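This briefing walks through one protein chain, from its overall make-up to single residues. Please keep the sequence and the structure open while reading.

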Amino acid sequence: MKRQILVFLRGIAAATLAGGLLATAVQAAPAPATNLLTNGGFEDTFVSGVASGWTKWVVSGSPTFKSITTSQAAARVAQGVSAQQLEVSNGTYTAGIQQTVTGLTAGATYRFTLSAHAWANSSDDSAASSGSITLKAGIGQGNAFASDAGNVWASAQYVNSYGTINVEAVAIGTSIT
């Protein structure tokens, strides 16, 4: 059985994140999708700059985690009224947010599909990019961390426009991150 998990990642200043995580069983006729994430659209509260239901991770650098709303920068929110934002001034980072999804079927293939965009600029111009950012989506087995060697990653560079990132993995147990 193959399941699809869709996440919408909204990007800004090295990445504003937001999304819904859906699973659908691929059968003769597609089954209705069920959202598997807590606060998948990043519309609920933010605690210490991170959307509720999510955990921040940082491998390197010191990004700022915060909410961005349509009233602040409508172009940076693809759906709804808010998104998870990560940004840094005069630096680089490897960081993001994660959530562990439980109750999955071991042996099933899960797909994360992300709609993402970002911008990088050496000045304070949020309307145009002068640099590049690599956005990544990953799946780890169980309660994984971003630096775990067994994670499966896909990457893309979408600067100033939205694009899609897809990554698939077979669940070894009943949870993935």
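Strands here are DSSP runs of E with at least two residues, numbered from the N terminus. Gln98 is found in one such run, strand β10. The model is a predicted one.

**Overall make-up**

- The protein chain holds 14 strands and 1 helix.
- Of its 177 residues, 42% are buried.
- The chain exposes about 8500 Å², and carbon and sulfur atoms supply 50% of that area.
- Among contacts between residues at least 6 apart in sequence, 62% join residues at least 24 apart.

- Gln98 has a relative accessible area of 15%, and because buried means under 20%, Gln98 counts as buried.
- The side chain of Gln98 reaches the backbone oxygen of Ala144, at a distance of 3.1 Å.
- Not counting residues up to four places away in sequence, Gln98 touches Trp54, Thr55, Trp57, Ala144, Phe145, Ala146 and Thr177.
- Trp54, Trp57 and Phe145 from that list return below under the aromatic pairs.

**The largest nonpolar core**

- The largest nonpolar core has 30 residues, and Trp54, Ile165 and Ile176 touch the most other members.
- At least two residues of this core come from each of β6 (50-51), β10 (94-98), β11, β12 (135-139), β13 (152-156) and β14.
- Strand β11 gives the largest share of the core, 4 residues.
- Ile165, leaving aside neighbours within four places in sequence, is in contact with Phe112, Thr113, Leu114, Ala116, Leu135, Lys136, Ala137, Ala154, Ser155, Ala156 and Tyr158.

**Strands β11 and β14**

- Strand β11 (residues 109-116) runs antiparallel to β14, and 8 bridges join the two.
- Strand β14 spans residues 163-170 and has two faces.
- The covered face of β14 consists of Gly163, Ile165, Val167 and Ala169.
- The uncovered face of β14 carries Thr164, Asn166, Glu168 and Val170.
- Ile165, on the covered face, is also among the core residues that touch the most other members.

- Thr164 is located in strand β14.
- Its relative accessible area is 42%, so Thr164 counts as partly exposed.
- With neighbours within four places in sequence left aside, Thr164 is in contact with Thr113, Leu114 and Tyr158.
- Thr113, Leu114 and Tyr158 are also in the contact list of Ile165.
- The C-alpha atoms of Thr164 and His117 are 8.8 Å apart in space, while the two residues are 47 apart in sequence.

**Aromatic pairs**

- A pair of aromatic rings is described by the distance of the centres and the angle of the planes.
- The chain has 2 aromatic pairs.
- In the pair of Phe42 and Trp54, the ring centres are 4.9 Å apart and the planes lie at 25°; planes under 30 degrees apart count as stacked, so this pair is stacked.
- This pair links distant parts of the chain, 12 residues apart: Phe42 is in the loop between β4 (34-35) and β5 (46-47), and Trp54 is in the loop between β6 and β7 (55-60).
- Phe42 and Trp54 are both buried.
- The pair of Trp57 and Phe145 is edge-to-face, with 6.3 Å from centre to centre and 75° between the planes.
- Trp57 lies in strand β7 and Phe145 in the loop between β12 and β13, so this pair ties together parts that are 88 residues apart in sequence.
- Trp57 is buried, at a relative accessible area of 11%, whereas Phe145 is partly exposed, at 34%.

- Phe42 has a phi near 55°, a positive value in a residue other than glycine.
- Phe42 sits in the loop between β4 and β5, and its relative accessibility of 2% makes it buried.
- Ser48 is not a glycine either, and its phi is positive at about 55°.
- Ser48 sits in the loop between β5 and β6, where its relative accessibility of 69% counts as exposed.

Key:
Residues are numbered from 1 along each chain as its sequence is written. This is a predicted model: local features need pLDDT of at least 70, side-chain atom pairs count only at pLDDT 80 or more; totals for chains, interfaces and linings use all residues. Side-chain values use heavy atoms; hydrogens and water are left out. Buried means under 20% relative accessible area, exposed over 50%, partly exposed in between (1.4 Å probe, protein chains only). Two strands pair if DSSP finds at least two bridges between them. A nonpolar core is a set of buried Ala, Val, Leu, Ile, Met, Phe, Trp, Tyr and Cys residues joined through side-chain atoms within 4.5 Å. Contact means heavy atoms within 4.5 Å. A polar contact is a pair of N or O atoms within 3.5 Å; within protein, one must be able to donate a hydrogen and the other to accept it, and residues adjacent in sequence count only if both atoms are side-chain atoms. Accessible areas come from the Shrake-Rupley method with a 1.4 Å probe; for residues, only the protein chains shown count as cover. Rings of Phe, Tyr and Trp (its six-membered ring) pair if their centres lie within 6.5 Å; planes under 30 degrees apart count as stacked, over 60 as edge-to-face and the rest as tilted.
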